[in-house]
Each structure stands twice: as structure tokens, then as C-alpha cells.
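Here are some notes on the aromatic residues and one of the strands, for reading alongside the coordinates.

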Amino acid sequence: FHFTEPDFVGSYDIGQYVFFFFRETAVEYINCGKSIFSRVARVCKKDTGGKSILSHNWATYLKARLNCSIPGEYPFYFNEIQSIYKVPDDDTLFYGVFTTSTTGLMGSAICTFRLEDIDHAFAGRFKEQASSTSAWLPVLSTKVPEPRPGQCVNDTETLPGKLYENRSV
């Protein structure tokens, strides 16, 4: 549930987290045909895994979609990240090279992402999948466990809740 056919392009160690940049098959839209989306994922450096089903998996792992597009009434998306760059000694900005999918109009773009915006995405609403054949649906805020998934804790084996098993922001 962490990755679906990923192609990794980079990772960075920043503060208490490691950030991963990759593209993968977008399972949230699998009923609409195969799509590739770019993602950023984050995991706490101290994550030693969770309990029960997460015993050999990261318990603090979160991922979000990276949106590189030309805005408008009908946005044009550059869905496939090819490379990521961070200026040394500046942990606030990331520069990504993106391409369009191999079907249709071909193009490429460079998009900038602020760490502040990435952190804001990870603080957003969660989606969960009831089963492997279910659609990804928003989680009610009343069902989000404490501490909030993705936050760093001293012992990740103490983290509770079903939401820790299947989550995305």
C-alpha cells in the first residue's frame, strides 16, 4: 500500500523526515484507466515500524500528489516527474522536471515546490481505502487518530488505529 510500481527520482533528509520524490501508477483513479502521477512522500527518520500489520512497514509514511500543471478552466498536467533538485543548504525549495504522459500531446516543464506547501499538504485531509477494490474516499476528521498519522513519535510501535494502514493525503 505504500507504493504502486514506483519510479524514484530523488530523496532528501530534512529535519526529522526523509522526503521521497517519485512517480507511480495512480490507484485512486484505476477505474478510469492507467494514469501515472508524481508524488512526494515523507517518513520520520526514527520510524522503526508499527504493530501488527505494520510490524515491518513504516508507521509514519504519508504521500501526496505533486501538481505540476498549467492552470485554467481545463488544466494541462505534467504528471510524470523525471528529476528533482534542491539547492544545497536551502531546505525550502525543490525544483522538479516533469513531462506529460506518453499518450497525447508531449511536453515538459519545470515546477517549483516549497517545503511549506508540501508540509501543508501533509496536514490536509486524509483519504482511505476500505478494501483493495474500494475507491479512495475522504476520512472524516472525527476518525483521524491521535497522534495524527505522519507525525514523528518516540516509539512508532505505540501508534494506534486502522487509518495507519491505508492512508494518503
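1. In this predicted model, Arg 65 places its charged end over the ring of Phe 37, at 3.6 Å from the ring centre. Another arginine is placed over a ring too: the charged end of Arg 42 lies over Tyr 17, 4.0 Å from the centre of that ring.

2. How many aromatic pairs are there? The count comes to ten. A pair of aromatic rings is described by how far apart the centres are and by the angle of the planes. Phe 21 and Phe 94 form one of these pairs, with 5.0 Å from centre to centre and 45° between the planes, and this pair is tilted. Phe 21 belongs to strand S2 (residues 17–25) and Phe 94 to strand S8 (residues 93–99); the pair thus links distant parts of the chain, 73 residues apart. Phe 21 and Phe 94 are both buried.

3. Phe 98 and Phe 113 also pair, with ring centres 5.8 Å apart. Phe 98 is in strand S8 and Phe 113 in strand S9, 15 residues apart. Phe 98 and Phe 113 are each buried.

4. Ring pairs also join Phe 8, Phe 20, Phe 22, Trp 58 and Tyr 61 into a cluster.

5. Strands S8 and S9 run antiparallel and are joined by seven bridges. Phe 94 has Phe 113 as its bridge partner in S9.

6. Which residues of S9 lie on its covered face, and which on the uncovered one? Ala 109, Cys 111 and Phe 113 make up the covered face. Ser 108, Ile 110, Thr 112 and Arg 114 make up the uncovered face. In a regular strand, side chains alternate between the two faces of the sheet.

7. Ile 110 deserves a separate entry. This residue is found in strand S9, which spans residues 108–114, and is on the uncovered face of that strand. Why does Ile 110 count as exposed? Its relative accessibility is 64%, and the cut-off for exposed is over 50%. Together with Tyr 85, Val 87, Tyr 95 and Val 97, Ile 110 makes a nonpolar surface patch of about 440 Å².

How values were computed:
Residues are numbered from 1 along each chain as its sequence is written. This is a predicted model: local features need pLDDT of at least 70, side-chain atom pairs count only at pLDDT 80 or more; totals for chains, interfaces and linings use all residues. Side-chain values use heavy atoms; hydrogens and water are left out. Patches are made of residues with over 30% relative accessible area and no salt bridge: like charges are joined within 9 Å, nonpolar side chains (Val, Leu, Ile, Met, Phe, Trp, Tyr) within 5 Å. Accessible areas come from the Shrake-Rupley method with a 1.4 Å probe; for residues, only the protein chains shown count as cover. A salt bridge is a side-chain nitrogen of Lys or Arg within 4 Å of a carboxyl oxygen of Asp or Glu. Helices (H or I, at least four residues) and strands (E, at least two) are DSSP runs, numbered from the N terminus. Buried means under 20% relative accessible area, exposed over 50%, partly exposed in between (1.4 Å probe, protein chains only). Rings of Phe, Tyr and Trp (its six-membered ring) pair if their centres lie within 6.5 Å; planes under 30 degrees apart count as stacked, over 60 as edge-to-face and the rest as tilted. A charge sits over a ring if NZ of Lys or CZ of Arg is within 6 Å of the ring centre and within 35 degrees of the ring normal. Two strands pair if DSSP finds at least two bridges between them.
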